[in-house]
Amino acid sequence: MAIAELDSARPAWARPAVAAIGGATAVAALLAAARLPVPDPVVRAESAAVAGSAFALIAVAWWLTGRPGVPDRRIVLRLGLGSGLLLGGLWIAEIGFNNLTPHTVSTAAARGVLDNATWAVVGVVTIAAAAAVTARTRRWRSGLRAGVWSGAGSGLGAALGGAVLLALFRPSVEHDPLMQDEWRRLGGGVGLPAYVTRETMAGVGGHLWVLGVVQGALLGLVAAAVTIAAVRARAAARPATAAGDGA
């Protein structure tokens with residue numbers, strides 16, 4: 001009984017971490033819209049969607065981490081959400097490099113390499129976390145949950161980085177020659193501040209859901225299924241090996 005209770009115990013840091021990052025993301029998204037020199041209805045809608053998504057994730061995480069009788073909750077959150085929060089920090093570093101370093105350093109080529117490398121690291125770590133949980137618990141659902149939590153953590157971190165960038169450092173993005181060139185080609189008459197905020201806010205939402213929760217769920221499912229298959233194949237091979245040794 002004591003072991004089961006320990007396995008289902010929630011790490012003390014889980015709820016505060018999600019609430020703090022999600023709340024800061026929502027505030028930064030709303031602040032980014034409020035600080036535009038000219039109000040933009042598209043930006044207001046996007047910022048409200050990001051803020052609502054962040055608050056929704058907080059509410060869902062609060063509920064999920066409080067449900068009674070959930071197996072393996074401790075290891076799922078420790079490896080899943082824990083790895084996700086670290087990956088969120090990696091996304092923040094990538095966003096900072098792309099947008100806040102001198103443009104002679106953060107060239108288009110450098111950004112492309114860093115973007116792909118960051119995405120690859122996020123994917124590999126998410127898979128590793130889900131596989132490790134599956135191998136230790138022998139439950140594919142626990143591995144899937146670890147993948148989802150990892151994706152949620154990394155998505156929240158990326159969303160926080162993008163929202164804070166818009167709220168506090170939008171002029172730096174506006175001075176980016178690559179962004180200015182894109183605005184001239186695709187702006188369609190929209191002012192540069194609004195265009196920058198629209199495009200970046202859309203990326204914030206995409207990181208939160210597509211590269212965060214959805215990607216985490218898909219990678220977690222694949223990792224859990226492959227790990228369970230490998231564990232079962234290894235277990236099935238043991239009796240045959242033992243029988244051969246006995247003969």
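I'm working from a predicted model, where local features need pLDDT of at least 70, side-chain atom pairs count only at pLDDT 80 or more, and totals for chains, interfaces and linings use all residues. Residues are numbered from 1 along each chain as its sequence is written, and side-chain values use heavy atoms, with hydrogens and water left out.

**Entry: overall layout.** I counted elements and got eight helices and zero strands. Helices here are DSSP runs of H or I with at least four residues, strands are E runs of at least two, and numbering starts at the N terminus. Read from that end, the order is α-α-α-α-α-α-α-α. I boxed the C-alpha atoms along the principal axes and got roughly 80 × 40 × 25 Å. Of the 247 residues, 42% count as buried.

**Entry: helix packing.** I took H6 (residues 140-174) and H2 (residues 14-34), whose axes come within 8 Å and cross at roughly 30°. For the record, axes are lines fitted to C-alpha atoms, for helices over the stretch in contact, and angles run from 0 to 180 degrees between N-to-C directions. Under 35 degrees counts as roughly parallel, over 145 as roughly antiparallel, 65 to 115 as roughly perpendicular, and the rest as oblique. H2 and H6 are therefore roughly parallel. H2 passes H6 in a left-handed crossing; that label means the near helix is turned anticlockwise from the far one by less than a right angle, and right-handed means clockwise.

Next I checked H5 against H6: their axes come within 8 Å and cross at roughly 150°. That makes H5 roughly antiparallel to H6. This crossing, H5 past H6, is right-handed.

**Entry: salt bridges.** Side chains of opposite charge can pair when their charged atoms come close. My rule was a side-chain nitrogen of Lys or Arg within 4 Å of a carboxyl oxygen of Asp or Glu. The count came to five salt bridges. I wrote up some of them.

- Arginine 111 pairs with aspartate 176, with the closest N and O atoms 2.7 Å apart. Arginine 111 is in H5 (residues 108-137) and aspartate 176 is in the loop between H6 and H7 (177-186), so the pair ties together parts 65 residues apart in sequence. Arginine 111 is buried at 12% relative accessible area, and aspartate 176 is buried at 5%.
- Glutamate 174 pairs with arginine 170, with the closest N and O atoms 2.5 Å apart. The two are four residues apart in H6, about one helical turn. Glutamate 174 is buried at 11% relative accessibility, and arginine 170 is buried at 11%.
- Arginine 185 pairs with aspartate 181, with the closest N and O atoms 3.2 Å apart. Both sit in H7, four residues apart, about one turn of the helix. Arginine 185 is exposed at 55%, while aspartate 181 is partly exposed at 38%.

**Entry: a greasy patch.** Which residues make the nonpolar surface patch of about 340 Å²? I found Leu31, Leu100, Leu168 and Phe169. Leucine 100 lies in H4 (residues 73-100) and is partly exposed, at 42% relative accessible area. Patch residues need over 30% relative accessible area and no salt bridge; like charges are joined within 9 Å, and nonpolar side chains (Val, Leu, Ile, Met, Phe, Trp, Tyr) within 5 Å. Areas come from the Shrake-Rupley method with a 1.4 Å probe, and for residues only the protein chains shown count as cover.

Notes:
Buried < 20%, exposed > 50% of the residue type's maximum accessible area, 1.4 Å probe, protein only.
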